[in-house]
Amino acid sequence: MSHSHEATATRRVRSALMAGTAALAIVGGAAGAGLLTPENAAAENVSSKVQAPAANPFDFADLVEAVSPAVVSVEVEGKSVSMTRGGPNMPDFRGMPEFKDLPEDHPFRKFFRDFEDQFGDRGKGKGAEKGPRSRPQMGQGSGFIISDDGYVVTNNHVSDDAEKIIVRMTSGKEYDAKLIGSDPKTDLALLKIEADEDLPYVTFADDDARVGQWVVAVGNPFGLRNTVTAGIVSADGRDIGSGPYDDYIQIDAPVNRGNSGGPTFNIHGEVIGVNTAIFSPSGGNVGIAFAIPADIAMSVIDELKEKGMVSRGWLGVQIQPVSEDIAESLGLDKAQGAIVASILDTGPAGDSDIESGDVILSVNGKDVEDAKDLARKIGDLDPDDEAKMEIWRDGKMKKISVTLGAQPTDKQQVAMAPAEETPEVDVRNEQLGLAVAPAGEAGDGVRITEVDPDGEGARKGLSAGDVIVEAGGMDVKDPGDLTKAVEKAEEKGRKAVLLRVKSGDNERFVALSLPKA
């Protein structure tokens, strides 16, 4: 979009806002004049009938007209089986009994038949294919242009595994798109299209989204192009468990499959978020959608544009939040920071002074709120950067520096031999409500063989087969070590004992409350 066009678009949005303000002022003025009673209505020779204002207090028409040309449809083609019927963002209308019962001449039947014909085999008739099809699978999502030379933002899950990407404008023009780079951890991707003219574009907002502000989502839900919905910001800072960098804006503007990768605008026509996920038991809109905030998107997109990938610092540890009972068991004044559950031998932490059980309280002078916050702070640093950390160990503060590595692209898996049965007799620990036995072939530690269903261990998620490798900061090699650790915690006046527990390939800390004397 040229600067003059952009200025015109801004003037249109401002005009709409000013018109809305004027209408509100008129309504407010009438209300301020006092209540209209039958007596004074007659005196003024006016009707007492309640009437709506002549103009809407606010509408989004000018805003939508200004930003829509920059919102595009992203159509992908590939042979990956993971690209299911209709693609990752399109619905499968088979198996929907409410449409099977429609009359043959009903317009909805034709509507959904057209969808099935366009996006996949209906599974009817002699020629129906069974199982994954070998012919190219189609998928569709949304995106938006961020520069006049054709850079397009969308979701990674829209463009992932695509062999061909087509960007379709609202005008109907189509362009072949090149994938510049993608970042699965934030679900963002950057595309590039080539045109013979300057393209309309939109910009990211500089200000953070505020809960309660108006928003407009534009995209292609269910392949219905140029669909506009409106709502408000319902919440911010949402963690939906999709990854270590969750920090979503929650909106109630209706968003459905196909809106993925599309923009959420504020009333100034600026992009405050990139739509990426919905919460829905049924697969349709229930008024809860999540968008990647503009500040995160801008940072990731800039790096994708420059390098085609995102480089993040990596510490090489498994971490978990510090709960109130974990803090109590370690002598911390409050629950804060992130506790190191285990250390990967191949990561930077493996060659450092970090130990399992350390609580990381700050990085480069900035306090660490919780495990997610630590992941973000380390991820914001570059590989080879130095991370100066304050940690809590054995009831004391300690300072450690670690030179970070590059975050691996593939998920690392740590092999662990399965626990085998042992002929030794189980030892019951009444204080913890557990029965344990030597871990045997599983290595050091004691294997939980029984959990009191009404005890503290069951409430904290311990189960038979878990292996306790450490208790109260002491290595556990046999049931006797566990008993000694509990006794030492009681001697120190601790209200809980901290266990390091292996469950399959994962390790975590669990604080079990000790019975009061």
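User: Why is M309 called partly exposed?

Analyst: This is a predicted model, and in it M309 has a relative accessibility of 42%. Buried means under 20% and exposed means over 50%, so with 42% M309 falls in between and counts as partly exposed.

User: Where does M309 sit, and how far is it from A189?

Analyst: M309 is in the loop between α7 and β13 (313-314). Its C-alpha atom is 9.5 Å from that of A189, although the two residues are 120 apart along the chain.

User: What makes K173 and E197 a salt bridge?

Analyst: The cut-off is a side-chain nitrogen of Lys or Arg within 4 Å of a carboxyl oxygen of Asp or Glu. For K173 and E197 the closest N and O atoms are 3.0 Å apart, so the pair passes. K173 is in the loop between β4 (164-168) and β5 (174-183), and E197 is in the loop between β6 (188-193) and β7 (214-219), so the bridge ties together parts that are 24 residues apart in sequence.

User: Are those two buried or exposed, or something in between?

Analyst: In between: K173 has a relative accessible area of 42% and E197 has 43%. Each is called partly exposed.

User: What about K192 and E194: what makes them a salt bridge, and which label does each residue get?

Analyst: Their closest N and O atoms are 3.1 Å apart, and the limit is 4 Å, so K192 and E194 form a salt bridge. K192 has a relative accessible area of 12%, which is under 20%, so K192 is buried. E194 has 59%, which is over 50%, so E194 is exposed.

User: How do you know that E303 and K307 meet in a salt bridge, and where are they?

Analyst: The N to O distance is 2.9 Å, within the 4 Å limit, so E303 and K307 qualify. Both belong to helix α7 (residues 294-307), where they are four residues apart, about one turn of the helix. E303 is buried at 16% relative accessible area, while K307 is partly exposed at 44%.

User: Which residues gather in the patch of negative charge on the surface?

Analyst: That patch brings together D206, D207, D208, D236 and D295. Take D208, which is found in the loop between β6 and β7. D208 has a relative accessible area of 61%, and a patch residue needs over 30%, so D208 clears that part of the rule. The value is also over 50%, so D208 is called exposed.

User: What makes strand β1 "mostly covered"?

Analyst: Seven of the eight residues in β1 (residues 71-78) are buried; that label calls for under 20% relative accessible area.

User: How do you know that β1 and β4 pair?

Analyst: Pairing needs at least two bridges, and β1 and β4 have five, in the antiparallel sense, so they pair. In that pairing, E75 stands opposite I166 in β4.

User: How many bridges join β18 to β16, and how many pair β18 with β19?

Analyst: Strands β16 (residues 359-363) and β18 (residues 386-393) run antiparallel and are joined by four bridges, with S362 opposite E390 in β18. β18 and β19 (residues 396-403) pair over eight bridges, also in the antiparallel sense, and M389 has I400 in β19 as its bridge partner. β18 and β19 form a hairpin with two residues between them. D394 in that turn has a positive phi of about 55°.

User: What makes the phi of D161 and D187 worth a remark?

Analyst: Most residues other than glycine have a negative phi. D161 is not a glycine, yet has a positive phi of about 65°, and D187, not a glycine either, has one of about 60°. D161 lies in the loop between α6 (156-159) and β4 and is partly exposed at 43% relative accessibility. D187 lies in the loop between β5 and β6; its relative accessibility is 12%, under the 20% cut-off, so D187 counts as buried.

Definitions and conventions. Residues numbered from 1 in each chain as written. Predicted model: local features only at pLDDT ≥ 70, side-chain atom pairs only at ≥ 80, totals over all residues. Heavy atoms only, no water. Buried < 20%, exposed > 50% of the residue type's maximum accessible area, 1.4 Å probe, protein only. Patch = residues over 30% accessible without salt bridge, like charges linked within 9 Å, V, L, I, M, F, W, Y side chains within 5 Å. Areas by Shrake-Rupley, 256 points an atom, 1.4 Å probe, with all protein chains shown as cover. Lys, Arg positive; Asp, Glu negative; His and termini not counted. Charge placed at Lys NZ, Arg CZ, Asp CG, Glu CD.
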